[in-house]
Amino acid sequence: MREHTEHTARPGNGTDGRHLVAVLALPGFPPFELGIPSRVFGSAVGEDGEDLYEVVVCTADGAPVLSDSGFTLQPAAGPEALAAADTVIVPPTHAMPELALGGPLPPAVAAAIARIRPGTRLVSICTGSYVLAAAGLLDDRPATTHWNLAREFRRAYPRVRIDEDVLFVDDGDVLTSAGVSAGVDLCLHMIRRDHGVAVTNRAARMCVVPPWRDGGQAQYIDRPVPEPTVATTTATRAWALERLAEPLALGELAAHARMSLRTFTRRFRDEVGMTPVQWLTAQRLELARHLLESSDLPVDLVAHRAGFGSANSLRQHMRSTLGVSPIAYRRTFQPASA
């Protein structure tokens, strides 16, 4: 998956120029997913403690909507909030089964979405992706949804390039996340894209969640639960994270876990959802991004500390994964020092 790292923080349409996030509450919404944007973006503050986002919950017609938990939500706004928003987020709905068959949106919802201005950042959480797909906003684009519904989604919306193995997909102005807590991951990712690692880390600490999670949805797919006595790779992963600057051969990792190479590789993939080599590369890339965002270290030293060995190796990995060079990435988050 290629992430977009363009720095998008700019004066928004909210109070005092804050970035305005409109969350569209649809009938049958699950309360947890609906509350994610308010909680995460509401925790994003600047160095002086100022709020960086304004979050408003709206409905398609301004009327109250019933949640899937039996209570009614009185929205703060109607569809006019969608027209003014800098970012529109669509949480799931459990009251539109026709969307699972590729059916049309209810007229009021379609009319409300049609009011969204071109260039507005569009986001779905979990099966909110069905709403964006039904509106034609995901056609010919990469996206994700809950892994358990990927086959159904493909049948209903064959033009969408669905990837059920990832926690979220960032396609620039359209972003989609997998189930439930992946919505937290995506909101933190957007804060990082807008304001960098320091603001994101503060928001994550306030929410008591990690600012970035390993792996993808593959680690959550149903599979037999191992016996409690079966060894895991958890300790070895923690050990490796303290030694990312070192070569760390696969055999060395297996030896630390006291497993055969074959058993270690299989167990690692079952637990993390990727191979040890893929995981190590992802951890090193994450460390390099942190160093590029938060320090003035030369690129070759960043590459060495992150375990890539050379600036050229780091450059190749960043271009293939993020689509940008280390210098361009640093300029995104440190424009004044680049």
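A: Start with helix α8 (residues 234–241) and helix α10 (residues 261–272), which pack at an angle of about 90° with their axes 11 Å apart. Axes here are lines fitted to C-alpha atoms, for helices over the stretch in contact, and angles run from 0 to 180 degrees between N-to-C directions. Helices are DSSP runs of H or I with at least four residues, strands are runs of E with at least two, and both are numbered from the N terminus. The angle makes α8 roughly perpendicular to α10, a term for 65 to 115 degrees.

This is a predicted model: local features need pLDDT of at least 70, side-chain atom pairs count only at pLDDT 80 or more, and totals for chains, interfaces and linings use all residues. Residues are numbered from 1 along each chain as its sequence is written, and side-chain values use heavy atoms, leaving out hydrogens and water.

Now the residues. From α8, Thr234, Thr236 and Arg237 meet Phe264, Phe268, Glu271 and Val272 of α10. Contact means heavy atoms within 4.5 Å. By class, this contact has 3 nonpolar, 2 polar and 2 charged residues. Ala, Val, Leu, Ile, Met, Phe, Trp, Tyr, Cys and Pro count as nonpolar, Asp, Glu, Lys and Arg as charged, and the others, Gly among them, as polar.

Next, a loop. Phe308 sits between α12 (299–305) and α13 (311–322). Phe308 is buried, with a relative accessible area of 10%; buried means under 20% (1.4 Å probe, protein chains only). Not counting residues up to four places away in sequence, Phe308 touches several residues, including Thr281, Arg284, Leu285 and His317.

Note on methods:
Angles under 35 degrees count as roughly parallel, over 145 as roughly antiparallel, 65 to 115 as roughly perpendicular and the rest as oblique. Buried means under 20% relative accessible area, exposed over 50%, partly exposed in between (1.4 Å probe, protein chains only).
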